[in-house]
Amino acid sequence: MSARGQVQLDGIVKKHGAFAALKGIDFEIKPGEFFALLGPSGSGKSTTLRILAGLDAPTSGRILVDGEDVTGADARERDVAMVFQSYALYPHMTVFENIAFPLEMAKRPKAEIGPAVREAAAKVKIEHLLDRKPGQLSGGQQQRCALARAIVRKARLFLLDEPLSNLDAKLRLETRVELKKLQRSLGVTAVYVTHDQEEAMTLADRMAVFMEGEIRQIGRPADVFAQPNSIEVAAFIGSPPMNLIPARYQDGSVLIGGRRLPTMLQTHGERDVVVGVRPSAVRFEADGIPATVEVVENLGDAAILDMSLAGTALRARYDRFPLPREGDAMGVTVRPEDIHLFDPVSRRRL
Amino acid sequence: MTAKRLRLGILIGVSGLFLLAWIFPILWSLLNAFKTEQDVLAYPPKLVFSPTLDAFRDVLFGATSILPNLASSFIISIGTTIVTMALAIPAAYALARLRIPGKRWAGFYVLATQMLPPVGIIIPYFLILRNIGWIDTYQGIILIYLSFSLPFAIWLLVSYFEDIPFEMEEAAFLDGASRLKTLRRIILPQVQGGVAVTVVFVFLNAWNEFLFAVVLSGNTVRPVTIAMFNFVSVEQTLWAKLAAVSALAMLPVIVLGVVAQKHIVKGLTVGAVKGGGRR
Ligand SMILES: Nc1ncnc2c1ncn2[C@@H]1O[C@H](COP(=O)(O)OP(=O)(O)O)[C@@H](O)[C@H]1O
Ligand SMILES: [Mg+2]
């Protein structure tokens with residue numbers, strides 16, 4: 001049972017005429033894993049998910065589920081369940097009928113369907129809404145109904161395409177937590193598409209970062225966050241985004257704002273680099289690099305400072321009170337382990 | 001506020017005028033159906049008269065009963081409607097969903113058949129039916145009616161199918177439904193308003209058709225639109241009987257409208273709640 005739901009994508013290419021929406025996607029998902037496809041809009045996440053579901057056919061490449069080649073198999077032969085961004089609830093059926101539909105199609109006996117539907121509905125806390133039509137539900141309730149319909153059949157793969165994006169911010173956070181619990185309790189493999197890096201960070205066991213039809217990095221969210229392998233990934237992951245400052249590297253340090261900052265990289269020689277520093281990694285010390293505060297964005301429990309150090313813009317997170325004021329002079333520094341170095345030409349991590 | 005009320009007043013006034021112009025001949029005909037032949041011709045017209053069901057009794061059970069003709073009309077109209085819908089629903093679904101080469105061209109053809117003047121094709125139709133021995137047969141007239149009603153029904157239904165997001169079917173496929181199951185269980189219930197509208201139109205067109213019927217029918221197949229002229233002859237026109245037949249011919253149309261209306265409104269509200277955009 002727990003060995004169900006292993007996925008492997010091998011060189012998946014998808015072309016729409018001359019335009020390549022996917023340029024060769026490879027990844028493997030382990031049974032029971034929560035795997036996120038993260039990337040900006042138009043990067044090919046939904047296309048990948050649809051190919052995995054069998055709704056679209058790849059131009060080339062292979063899809064293996066539990067070791068079996070399903071590349072040519074119909075969607076309904078693949079035993080996967082999906083939650084659409086629009087939920088795609090059947091408007092003419094009640095919530096009960098919606099959730100029961102996959103079981104009915106699987107020709108489960110009537111006596112089994114009722115209890116199974118109620119169990120799925122209870123898991124997402126909509127058991128009191130079974131007689132309603134989708135049109136009589138709030139957005140959050142519709143979303144739960146779509147979830148219940150997807151989990152009721154206990155398919156081996158659980159696919160979700162931006163399932164939270166139509167919810168308001170507060171509900172999105174609540175549902176996110178419940179979604180994680182639900183997936184854990186079911187032990188089912190989940191593939192989750194999102195453009196929200198925070199969602200991917202909090203939900204996923206591992207994630208693939210998509211850009212322009214390619215995977216740029218695969219790994220545990222914490223690892224991708226700590227070691228982004230390119231400037232693009234570094235800029236995409238983290239909020240507010242990483243500072244990326246062109247600078248000069250020389251013998252184990254970089255020159256920023258007229259000061260030398262030691263780095264972990266310890267090679268001899270001199271070269272141009274892009275220095276990446278997360279706003280939360282900026283430290284404040286009286287004898288640091290002199291900087292001027294230009295804008296203070298107060299978040300309540302912390303603030304984002306837009307600063308300028310010798311003409312270079314730098315954003316920093318500040319959580320001591322009282323907050324500095326605009327125009328204040330401060331000293332900043334960064335620890336060597338918090339400095340990311342990238343090649344400005346290849347844009348790869350050094 | 002007063003300007004708004006004034007506009008509303010004008011709107012109601014103008015609408016009332018049109019309604020009056022539309023309803024007058026119908027009322028006039030209905031009234032005549034309850035008069036004697038003498039009262040119909042009375043001048044000045046009698047608004048107050050003693051109503052009688054004589055005309056109805058004569059046209060229904062008299063020597064020239066139109067009951068067989070009503071039956072004939074029903075067979076033609078129901079037959080045309082059933083065959084049309086059975087073919088048009090899958091065709092419209094396919095046209096709305098599948099990527100078929102020449103789809104645009106098909107759409108044009110559908111519209112073109114609606115523009116042809118019927119007199120232009122009535123002679124070839126007559127010759128074809130005569131050669132295959134189908135003049136004055138139900139299958140003959142239904143076949144000819146199909147050539148109009150089928151393209152029209154497809155064209156009307158396609159837009160209803162196109163309103164349903166693709167994700168609706170994709171969800172059904174992933175839930176394990178076949179394409180036919182998806183059509184029957186997921187898609188059709190959502191286009192029932194469109195189906196009702198189409199059924200009404202197809203039935204009405206077949207029920208009211210005169211020109212083709214008069215050429216292609218005979219003594220066995222004789223719909224009520226043709227049979228009405230039993231009461232019009234060179235010597236005299238039996239207005240009361242003619243009016244009674246009109247009233248009887250209108251009855252099924254009205255019943256159908258009332259029955260279908262419920263489904264049409266229901267179809268509209270179902271359409272309003274469905275979520276999601278189209279790809
Ligand atoms: N049917 C199609 N025809 C042409 N281009 C398409 C089609 N479907 C998707 N695309 C393109 O493929 C790219 C990837 O789309 P998608 O996978 O939906 O991106 P996202 O990462 O936002 O989910 C986009 O640039 C999109 O415009
Ligand atoms: Mg998408």
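This is a predicted model: local features need pLDDT of at least 70, side-chain atom pairs count only at pLDDT 80 or more; totals for chains, interfaces and linings use all residues.
On its own, ligand 1 has 560 Å² of accessible area, and the protein covers 60% of that (Shrake-Rupley method, 1.4 Å probe; for residues, only the protein chains shown count as cover).

As for the shell around ligand 1, strand S2 (19–29) and helix H1 (45–53) of chain A are the elements that give two or more residues; helices (H or I, at least four residues) and strands (E, at least two) are DSSP runs, numbered from the N terminus. H1(A) gives the most, with three residues. Among the residues around the ligand are His16(A), Phe19(A), Ala21(A) and Pro40(A), where being near takes a heavy atom within 4 Å. Sorted by class, the shell has three nonpolar, seven polar and one charged residues; here Ala, Val, Leu, Ile, Met, Phe, Trp, Tyr, Cys and Pro count as nonpolar, Asp, Glu, Lys and Arg as charged, and the others, Gly among them, as polar.

Now for the two chains. Chain B brings 23 residues to the contact and chain A brings 22, contact meaning heavy atoms within 4.5 Å. About 2100 Å² is buried between them, with carbon and sulfur atoms giving 64%; buried area is the accessible area (1.4 Å probe) that two parts lose on being put together, summed over both. Leu174(B), Asp175(B) and Arg185(B) supply 35% of what chain B buries against chain A, more than any other three residues. Arg185(B) also pairs with Glu104(A) in a salt bridge whose closest N and O atoms are 2.7 Å apart. Three salt bridges cross the interface, the rule being a side-chain nitrogen of Lys or Arg within 4 Å of a carboxyl oxygen of Asp or Glu. Nine residue pairs are in polar contact between the chains, both residues at pLDDT 80 or more. On the chain B side, helices H8 (166–174), H9 (179–187) and H13 (239–273) each supply at least two residues, and H8(B) gives the most, with seven. That side has 10 nonpolar, six polar and seven charged residues.

Leu150(B) belongs to helix H7 (residues 138–162) of chain B. Neighbours within four places in sequence aside, Leu150(B) is in contact with Thr84(B), Leu87(B) and Ala88(B). Its C-alpha atom is 33 Å from that of Asp175(B), 25 residues apart along the chain.

Most residues other than glycine have a negative phi, and most peptide bonds are trans. The bond from Ser239(A) to Pro240(A) is cis, with omega near -5 degrees, and Pro240(A) lies in the loop between helix H8 (231–236) and strand S11 (243–250) of chain A. Tyr43(B) and Pro44(B) are also joined by a cis peptide bond, omega being about -5 degrees; Pro44(B) is in the loop between helix H2 (37–41) and helix H3 (54–61) of chain B. Lys107(A), not a glycine, has a positive phi near 60 degrees.

Residues are numbered from 1 along each chain as its sequence is written, with chains lettered from A and ligands numbered from 1 in the order in which they are written. Local features need pLDDT of at least 70 and side-chain atom pairs count only at pLDDT 80 or more, while totals for chains, interfaces and linings use all residues; side-chain values use heavy atoms, with hydrogens and water left out.

Technical notes:
A polar contact is a pair of N or O atoms within 3.5 Å; within protein, one must be able to donate a hydrogen and the other to accept it, and residues adjacent in sequence count only if both atoms are side-chain atoms.
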